[in-house]
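Okay, everyone, thanks for coming. Let me put the model up and then walk you through the charges, the contacts and the surface.

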Amino acid sequence: MIVAFIVAAEIAFWVVLAAGLAVRYLLRRQRASTVLLLAVPLIDVALLAATAWDLRSGGEPSYTHGLAALYLGFTVAYGHSVIAWADRHAAHRLGGGPRPPKLELYGRERTAYEWRIWTRTLLAAAVTVVVIEAMILFVDDPDAATPLRSTEGAAARAVGIHALVALYYTIWPGKAPSGLAPGEAVRRDVG
């Protein structure tokens, strides 16, 4: 049942986001658009409530409950940047705005960027762990907590893998194409 809630939350996220951006750029209703976009976090609250309800009504704690916590962690850490990305593209496609540039980073800028993104992954994992620990306290059965704890391990692995990616770009940040000043980014149009 929780998987259905997670799928519904993901679909609702994109539907509410698309509706908010359509209202903003097609109907030119800024205030109504803002209200719709501010409703996006309510989807996460609904998913969290559904997960708690399922556990409270006797649902056996499973990896899917942990998946709901992972989803919540991701949206807390990355949700704003996903909305900002979609807004830039909607402004171009629907509002006649400039084409969003594709930013290619090299050197120190690439390294700093990768560590900033890793920090978001760390935040996502921290939120996941806090939510899972709250679920474990809520269930109050140490034996039933094993599947939830495995989700904490998955969150930790994501942080570790992302740290390796950031470390890779720290050691080998890449060199800018010839003719580009050190520290200068390349901006290319995306199609």
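Let's start with Arg24, which is buried, at a relative accessible area of 14%. By buried I mean under 20% relative accessible area, exposed is over 50%, and partly exposed is in between, using a 1.4 Å probe and protein chains only. Now, what does the side chain of Arg24 meet in a salt bridge? That would be Asp87, at 3.4 Å from N to O. Asp87 sits in helix α4 and Arg24 in helix α1 (residues 2-25), so this pair ties together parts that are 63 residues apart in sequence. For the record, a salt bridge here is a side-chain nitrogen of Lys or Arg within 4 Å of a carboxyl oxygen of Asp or Glu. Helices are DSSP runs of H or I with at least four residues, strands are runs of E with at least two, and both are numbered from the N terminus.

A word on where this comes from. Keep in mind that it is a predicted model, where local features need pLDDT of at least 70 and side-chain atom pairs count only at pLDDT 80 or more, while totals for chains, interfaces and linings use all residues. Residues are numbered from 1 along each chain as its sequence is written, and side-chain values use heavy atoms, with hydrogens and water left out.

Stepping back to the overall picture: the protein chain has six helices and two strands, and from the N terminus the order is α-α-α-α-β-α-α-β. The C-alpha trace spans about 65 × 50 × 20 Å along its principal axes. Of the 191 residues in the protein chain, 36% are buried.

Back to charges. How many salt bridges does a search of the whole structure find? Four. One of them pairs Glu114 with Arg110, with the closest N and O atoms 2.8 Å apart. Both residues are in helix α5, four residues apart, so to speak about one turn of the helix. Glu114 counts as buried because its relative accessibility is 7%.

Then there's Arg149 with Glu133, where the closest N and O atoms are 2.5 Å apart. This pair links distant parts of the chain, with Arg149 in helix α6 and Glu133 in helix α5, 16 residues apart. Arg149 is partly exposed at 40%, and Glu133 is partly exposed too, at 27%. Salt bridges with shared partners join Glu133, Arg149 and Glu152 into one network.

Asp54 is buried yet has no salt bridge, and Arg56, the nearest side chain of opposite charge, is 12 Å away. What does the side chain of Asp54 have a polar contact with? His65, at 2.6 Å. A polar contact is a pair of N or O atoms within 3.5 Å; within protein, one must be able to donate a hydrogen and the other to accept it, and residues adjacent in sequence count only if both atoms are side-chain atoms. Thr121 and Tyr78 also have a side-chain polar contact, this one at 2.5 Å. Thr121 is in helix α5 (residues 107-139) and is buried, at 10% relative accessibility.

Glu60, Asp140, Asp141 and Asp143 form a negative patch. Patches are made of residues with over 30% relative accessible area and no salt bridge, joining like charges within 9 Å and nonpolar side chains (Val, Leu, Ile, Met, Phe, Trp, Tyr) within 5 Å. Asp140 is in the loop between α5 and α6 and is exposed at 65%. Asp140 also has a positive phi of about 55 degrees, although it is not a glycine.

There's a nonpolar patch as well, about 550 Å², made by Leu164, Leu167, Tyr168, Ile171 and Trp172. Tyr168 belongs to helix α6 (residues 146-171) and is partly exposed at 42%.

Last one: Arg28, in the loop between α1 and α2 (30-38). Arg28 is not a glycine, but its phi is positive, near 60 degrees. Is Arg28 buried or exposed? Exposed, at 58% relative accessibility.

How values were computed: Accessible areas come from the Shrake-Rupley method with a 1.4 Å probe; for residues, only the protein chains shown count as cover. Lys and Arg count as positive and Asp and Glu as negative; His and the chain ends are not counted. The place of a charge is taken as NZ of Lys, CZ of Arg, CG of Asp or CD of Glu.
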